[in-house]
There are 2 protein chains.
Amino acid sequence: MATAAAYAVGVGPGDPELLTRKGERILRGADVILAPVARIGEPSVALDAVRELLDPERQEIITHLFPMTADPGRLAESWQGAADLIAQRVRAGKQVAFITIGDPLLYSTSIYLLRTLGEAHPDIPVEIVPGISSINTAAAAAAIPLAESEERVAIIPATAGMDKIMEALVRNETVVLLKVKPVYGELLDLLQQSGRLGNTVFVERAGSPRQKILRGAEQLAGHAPDYLSLMIVSSPHPA
Amino acid sequence: MATAAAYAVGVGPGDPELLTRKGERILRGADVILAPVARIGEPSVALDAVRELLDPERQEIITHLFPMTADPGRLAESWQGAADLIAQRVRAGKQVAFITIGDPLLYSTSIYLLRTLGEAHPDIPVEIVPGISSINTAAAAAAIPLAESEERVAIIPATAGMDKIMEALVRNETVVLLKVKPVYGELLDLLQQSGRLGNTVFVERAGSPRQKILRGAEQLAGHAPDYLSLMIVSSPHPA
């Protein structure tokens with residue numbers, strides 16, 4: 001890391017060991033770490049995942065509020081603030097790493113931040129370091145293949161609508177449903193009616209000490225899911 | 001790693017730095033490393049990615065032939081041979097890591113090997129360690145978001161058929177096409193006709209020193225793709 005630059009680092013699902021070696025090198029070498037928080041005073045999941053690698057004596061560690069709001073003005077302001085902060089420090093010769101849970105380009109705050117940074121400060125060099133997503137982590141934890149041979153995989157936030165989920169179930173061998181919490185009951189009904197509940201695995205907080213893996217109608221029906229939950233719906237394979 | 005066990009370790013796309021810290025710990029601590037090769041005498045891409053971490057004086061490094069054949073009998077025999085080899089060494093008290101490029105559960109030889117091992121030797125404890133897939137690596141290299149908000153992503157081996165690809169393009173904001181080499185010309189025609197070629201990024205050998213990123217009709221049309229190539233087809237986003 002000779003020249004000053006910004007790095008978007010995916011830290012993986014939360015387990016510090018699921019960070020890549022490259023992510024570790026960049027975070028240890030960075031002058032500034034920028035971590036997102038959804039609410040003031042709340043811990044940053046991404047920061048907690050890498051805290052053991054950081055040195056608060058030497059590194060500037062900033063938590064920046066990316067509010068969970070539908071107000072586009074407030075969101076844009078928050079991204080702009082973070083982009084300015086990054087650009088200012090890179091121009092001062094510093095290595096700046098902004099971290100997010102999972103992968104920086106798959107349903108991540110990083111996408112908006114990268115876009116704002118590119119638009120507002122196109123001179124700032126940026127490198128993106130991929131991270132292990134919750135999908136690969138959940139599949140590994142549950143030992144469920146995501147796809148083999150010529151199979152198709154669809155990834156859908158469950159909040160996108162039951163019609164879209166139904167379509168995806170028909171057309172793909174594996175469907176990964178993210179953000180299942182807000183529509184959990186509806187989802188279980190849909191999976192039951194389409195005969196896929198028996199091929200569904202539910203994974204909560206994949207890769208964390210609080211990880212839960214549930215299978216089958218009975219386990220799934222009795223559960224109140226967490227915010228960080230997903231489902232992998234497989235097709236039955238010939239033995 | 002107290003008790004003997006088998007580990008399926010995804011080593012990532014080929015860049016040794018894109019291995020996880022957990023993968024590194026397991027590979028350094030393993031007594032036996034089993035790496036797949038597609039042809040006798042050929043190097044193992046997975047083994048090359050982690051070779052700098054291994055100690056051939058202390059560790060047994062085995063390359064096992066998983067032939068690229070459609071003959072189910074020959075394939076089953078190869079998986080059975082690997083599963084037996086792993087089970088035998090774990091029973092002798094050894095830590096055995098079998099490695100594959102990318103993620104062990106996403107279009108990987110590991111899936112078949114894990115299945116055979118589970119069927120033939122259900123007593124052998126197995127842990128799966130997720131790896132960075134070529135998809136996340138390609139997206140990071142090309143700085144292309146895979147999905148945000150409620151967008152859908154489809155992953156399809158391009159050899160699955162043009163009709164399935166067309167369907168996926170209609171129903172998903174992002175479509176990732178794998179194994180594009182055998183149908184490259186046909187694919188370009190389809191993307192051109194459906195007006196999506198302008199939103200297509202082609203990535204070859206993502207995360208390796210020989211990585212190539214191509215965009216736009218002209219660059220794509222003039223290229224002869226490599227075996228390890230994929231395309232990310234995005235939807236145009238409102239600015």
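A salt bridge is taken here as a side-chain nitrogen of Lys or Arg within 4 Å of a carboxyl oxygen of Asp or Glu. By this rule, 10 salt bridges cross the interface of chain A and chain B, and the count over all chains comes to 30. The structure is a predicted model, in which local features need pLDDT of at least 70 and side-chain atom pairs count only at pLDDT 80 or more, while totals for chains, interfaces and linings use all residues. Residues are numbered from 1 along each chain as its sequence is written, chains are lettered from A and ligands numbered from 1 in the order in which they are written, and side-chain values use heavy atoms, leaving out hydrogens and water.

Two of these bridges can be looked up by name. B:R171 pairs with A:E167, with 3.3 Å between the closest N and O atoms. B:E24 meets A:R21 at 2.9 Å, N to O. Because B:E24 lies in helix α1 (residues 21-29) of chain B and A:R21 in helix α1 of chain A, this pair joins two chains; helices (H or I, at least four residues) and strands (E, at least two) are DSSP runs, numbered from the N terminus.

The contact (heavy atoms within 4.5 Å) draws 49 residues from chain A and 49 residues from chain B. Together the chains bury about 4,500 Å², 54% of it on carbon and sulfur atoms; buried area is the accessible area (1.4 Å probe) that two parts lose on being put together, summed over both.

The strands take part as well. β6(A) and strand β6 (residues 153-157) of chain B pair in the antiparallel sense over 3 bridges, where pairing requires that DSSP finds at least two bridges between two strands. Within this pairing, A:I155 has B:V153 in β6(B) as its bridge partner.

Finally, there are 4 aromatic pairs over all chains, meaning rings of Phe, Tyr and Trp (its six-membered ring) with centres within 6.5 Å; planes under 30 degrees apart count as stacked, over 60 as edge-to-face and the rest as tilted. The rings of A:W79 and A:Y112 have centres 4.5 Å apart and planes at 5°, so they are stacked.
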